[in-house]
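Please look through the structure below with its sequence at hand, and follow the explanation one region at a time.

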Amino acid sequence: MITALRIGVDGDAGPMATNTGLRRAYTVWATFYDVVVRFLRGSRRRSFALLNPQPGDRMLLVGCGTGADFEFLPPDVEATAIDLTPAMLRRAAAKIAGRRICLLEMDAMDLQFPADTFDEGVLHLILAVVPDPGRTLREAERATRPGGLLVALDKFWNRPTQPPLFLRVANALLGGYVTAVSRNLHAMLAQTSLEVVREVPLGFGGLYLLSLLRKPAPGERQVGTPGDTHPMTSEVNHLTPIGPSGHL
Ligand SMILES: C[S@@+](CC[C@H](N)C(=O)[O-])C[C@H]1O[C@@H](n2cnc3c(N)ncnc32)[C@H](O)[C@@H]1O
């Protein structure tokens, strides 16, 4: 009942997501997931172009789902792709097609890799889904080597104001089972040492956002706080959306 749902003000509201509930929900979603997310192909391509993996790089795909990202992986990259839901992983397995991809059933909030294992990490449509996105981002940061890059693509509400009512209602209805729609990436980043290298608004009034992040090497000064301009690109605050009206 709608009155029983929590329609909060912090952008994280909604029924509490749990791994058990999400695994159940994504077991159902697995059947038609690829059709629903087909519109994001251009954004995925853009994301991998930003990441720009080099031959021999080790890449982690966090919450890889049905492997919709696999087609953008260069063949000489050594990828590890983890997900919570076996039904999603089975579909991902069918897309490996000769690439160097190791699939593992694993919780993104508790990665079973030593620190500094990967050169790059991909967080596509996962930070808005998992029960604890801050912990998930910290785990991805830990598993990435100093100087390594992460890319996050999702629906974020990074403004200081509370999200509009329709987003809070969407969170309440979908948050526990599909995805939240207005979590605050900048608040998550504040719990890490990650620097924002580049932010690209992808559409829906900037709700869909692509964010390129870098793990600083020890002793490096942290310069790219969220919303800041990073010296590597000087582009954070004046990016052109993709397409004439910011389409995905
Ligand atoms: C919206 S899908 C995104 C899939 C893929 N990254 C993509 O871009 O299409 C969310 C995925 O997160 C997975 N997931 C949810 N909670 C998780 C967790 N705690 N650890 C790992 N994967 C999780 C789900 O099984 C699902 O495959």
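Ala97 is exposed in this predicted model, because 10 other C-beta atoms lie within 10 Å of its own, and a residue counts as exposed if that number is 12 or fewer. Ala97 belongs to the loop between α4 (86-93) and β3 (101-105), and its phi is positive, about 45°, although Ala97 is not a glycine. This is worth noting because most residues other than glycine have a negative phi.

Asp116 also has a positive phi, of about 65°, without being a glycine, and it is found in the loop between β3 and β4. With 14 other C-beta atoms within 10 Å, Asp116 is partly exposed.

Turning to helix α3, which covers residues 41-51, we find that Ser43, Arg44, Ser47 and Phe48 are buried. Seen down the axis of α3, these buried residues fall within an arc of 135°, so they line one face of the helix. After α3 comes Asn52, whose phi is positive, near 50°.

Finally, there is the ligand, which has 22 residues around it, and of these Gly63, Gly65, Thr85, Ala108 and His124 come nearest. The shell divides into 13 nonpolar, six polar and three charged residues, and its largest share, three residues, comes from helix α1 (residues 19-29).

Notes. Residues are numbered from 1 along each chain as its sequence is written. This is a predicted model: local features need pLDDT of at least 70, side-chain atom pairs count only at pLDDT 80 or more; totals for chains, interfaces and linings use all residues. A residue is buried if 20 or more other C-beta atoms lie within 10 Å of its own, exposed if 12 or fewer, and partly exposed in between; C-beta atoms are placed from the backbone. Helices (H or I, at least four residues) and strands (E, at least two) are DSSP runs, numbered from the N terminus. The arc is that of the directions from the helix axis to the C-beta atoms. A residue is near a molecule or strand if its C-beta atom, placed from the backbone, lies within 6 Å of it. Ala, Val, Leu, Ile, Met, Phe, Trp, Tyr, Cys and Pro count as nonpolar, Asp, Glu, Lys and Arg as charged, and the others, Gly among them, as polar.
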